[in-house]
Amino acid sequence: LPDVRTIAADTSSRTSAALVEIIFREFLRTAPRLTPHAPDLPKMLDAHDAALVIGDPAMTFPRAGLRVYDLATVWRELTGLGFVFAMWMMRADVVGATRRVAASAAAAVDFAGARDEGLARVEEIITEYEAQLPLPRAELREYLLKNISFELDEEMRAGLELYYRLAHKHGLVEAARPLKFVGGSC
C-alpha cells in the first residue's frame, strides 16, 4: 500500500473514498491521487495503481493476480475499532415544530423490528440475491450474517466518531460535528 500513487475510486460511495484517503494520509503518511471512476475493475487498473470497488461488484470480481484489502478489516487493524459504512440519518438543522415532528417520526420507526424481520427472512434474501450475484449460498449467508453488524454499540460509535474527526482533520468534511442519536438505543 505505501507504494500506491494513484487510485481509481468507485463513484458509488463517497464514504469509502474518504476512508481510503484517511487510511493513506493518517496511517500510511502518503497521499495518492484518487480519481472518480465507474466500477469497472479492468479499466480502473489499466490507468491506476489500485482501485476502490464497493458493493456487489466488489463481491464478484476475479481476484487472481490481485492483492485485495477489505476496508473494514484495514480500519480495524489500524484503529482497533469497527467501521460504519451505512446508517439511517436525518438532518439536525430542521428548526422549531418541524424538528420535533421529524425527531418524533424518526423515533417512531421500528428500526430494530425491521432488522429482526430481515434477519428472520435471511434465506429469502439469499435466494433473491443468488439470482443476481454469481456467489454460492453459503458465501452470501456468511456475508449477511457475519460481515454486517446490525448493532451500533460503543465500539462502532467510537469508530464512527474517529472517522469523522479524521475526515475533518484531512479536509474531507467541513466540520466534525458531534453525533446525536434520536429515540432509544441503537
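Let's start with two helices. Helix α1 (residues 14-28) packs against helix α4 (residues 71-79) at an angle of about 35°, and their axes are 11 Å apart. Axes here are lines fitted to C-alpha atoms, for helices over the stretch in contact, and angles run from 0 to 180 degrees between N-to-C directions. Helices (H or I, at least four residues) and strands (E, at least two) are DSSP runs, numbered from the N terminus.

A word on the source. This is a predicted model: local features need pLDDT of at least 70, side-chain atom pairs count only at pLDDT 80 or more, and totals for chains, interfaces and linings use all residues. Residues are numbered from 1 along each chain as its sequence is written, and side-chain values use heavy atoms, leaving out hydrogens and water.

Which residues of α1 and α4 make the contact? From α1 come Ser16, Leu19, Val20, Ile22, Ile23 and Phe27. From α4 come Leu71, Val74, Trp75, Leu78 and Thr79. Contact means heavy atoms within 4.5 Å.

Now the sheet. Three strands form an open sheet, in the order β2-β1-β3, with parallel pairing. The edges are β2 (33-37) and β3 (50-52), each pairing on one side only. From one strand to the next, the twist averages 25°. Two strands pair if DSSP finds at least two bridges between them. In general, strands of a sheet pair through backbone hydrogen bonds, parallel or antiparallel.

Look at β1, residues 6-10. Five bridges join β1 to β2, and Ile7 stands opposite Leu34 in β2. Three bridges pair β1 with β3. There, Ala8 stands opposite Ala51.

Next, two single residues. Find Arg29 in the loop between α1 and β2. Its phi is near 55°, a positive value in a residue other than glycine. Most residues other than glycine have a negative phi. Is Arg29 buried or exposed? Arg29 is exposed, because its relative accessible area is 64%. The cut-offs: buried is under 20% relative accessible area, exposed is over 50%, and partly exposed is in between (1.4 Å probe, protein chains only).

Last stop: His170, in the segment after α9 (154-169). His170 has 18% relative accessibility, so it counts as buried. What does His170 touch, leaving aside its neighbours within four places in sequence? His170 is in contact with Arg25 and Glu26.
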